[in-house]
Amino acid sequence: MRTVDNVSATLTFAVPAAKVFAVLADPTTHAAIDGTGWVQEVVDPAPLTEVGQVFRMAMHHDDHPDGDYQTFNKVAVLDAPHAIGWLTGYQKDDGELGFGGWLWRYDLTPLRPSATDVTLTYDWSAVPPSIREYLEFPPFGPDHLANSLQHLAELAQR
C-alpha cells in the first residue's frame, strides 16, 4: 500500500530567488522547463500574478486519447518569490473546468543573495479513486523532477 502521494526533488541554483520565481511565473518558459516533450507551448502567455488565475498549455502525449490536447492550469499557490504552484485540469463538455487533484509546486528558499534552493513537488494526494483507476501516479519516470529543475536552473541563469 502506498502511503506517500507526492514526489519531490531539490536543486541549489546560483541565482537569486526572485529571478527563479520570474521564470516560473512566465508560462512561456514552461515547455523548456518540462523536458518530457508533453508541454508543447503556452496558449495563455500572461504572467502568473494571482491565485485563481487560469492559464492554458498546448500538450501532446502519445497515450492521450486525442494525442494533442490542452490543459487548463489554475494557480493554487503564489507567494513571490517563495512559492508558486498550480493544479492541472481540463475543460468539460459544458465549458466548466475540472481538476483531477494533482498539483505542481515550487518552493524557493534563498540561501544567499545569489543562491536559492528550489524544491519541485508533484502532489497527487487529492486525486480521487475514480481517476486513480485509469491514471498511474506519478505519470513520469524517477528522473523527471531533477531534470526539470536542471532545465529551470539553465533558464534562470541566462
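**View 1. Buried residues and surface of the protein chain.** Of the 158 residues in the protein chain, 40% are buried. Do keep in mind as you look around that this is a predicted model. The accessible surface of the chain amounts to about 8,600 Å², and carbon and sulfur atoms account for 50% of that area.

**View 2. The fold from one end of the sequence to the other.** Here you can trace four helices and seven strands in the protein chain. Their order along the sequence is β-α-α-β-β-β-β-β-β-α-α. The radius of gyration is 15 Å, close to the 15 Å given by the globule rule for 158 residues, so the chain is as compact as a globular protein of that length. The C-alpha trace spans about 45 × 40 × 25 Å along its principal axes. If we take the contacts between residues at least 6 apart in sequence, 49% of them join residues at least 24 apart.

**View 3. Charged side chains.** The protein chain carries 21 negative side chains and 9 positive ones. Between the centres of these two sets there is a separation of 7 Å.

**View 4. Leu120 and its surroundings.** Now let's zoom in on strand S7, which covers residues 115-123 and includes Leu120. Leu120 has a relative accessible area of 0%, so it counts as buried. Beyond its neighbours within four places in sequence, Leu120 contacts Val7, Ser8 and Ala9, then Trp104, Arg105 and Tyr106, and also Leu145, Ser148 and Leu149. Leu149 sits 29 residues from Leu120 along the chain, and the C-alpha atoms of the two are 7.2 Å apart.

How values were computed: Residues are numbered from 1 along each chain as its sequence is written. This is a predicted model: local features need pLDDT of at least 70, side-chain atom pairs count only at pLDDT 80 or more; totals for chains, interfaces and linings use all residues. Side-chain values use heavy atoms; hydrogens and water are left out. Helices (H or I, at least four residues) and strands (E, at least two) are DSSP runs, numbered from the N terminus. The radius of gyration is taken over C-alpha atoms; the globule rule is 2.2 Å times the number of residues to the power 0.38. Buried means under 20% relative accessible area, exposed over 50%, partly exposed in between (1.4 Å probe, protein chains only). Contact means heavy atoms within 4.5 Å. Accessible areas come from the Shrake-Rupley method with a 1.4 Å probe; for residues, only the protein chains shown count as cover. Lys and Arg count as positive and Asp and Glu as negative; His and the chain ends are not counted. The place of a charge is taken as NZ of Lys, CZ of Arg, CG of Asp or CD of Glu.
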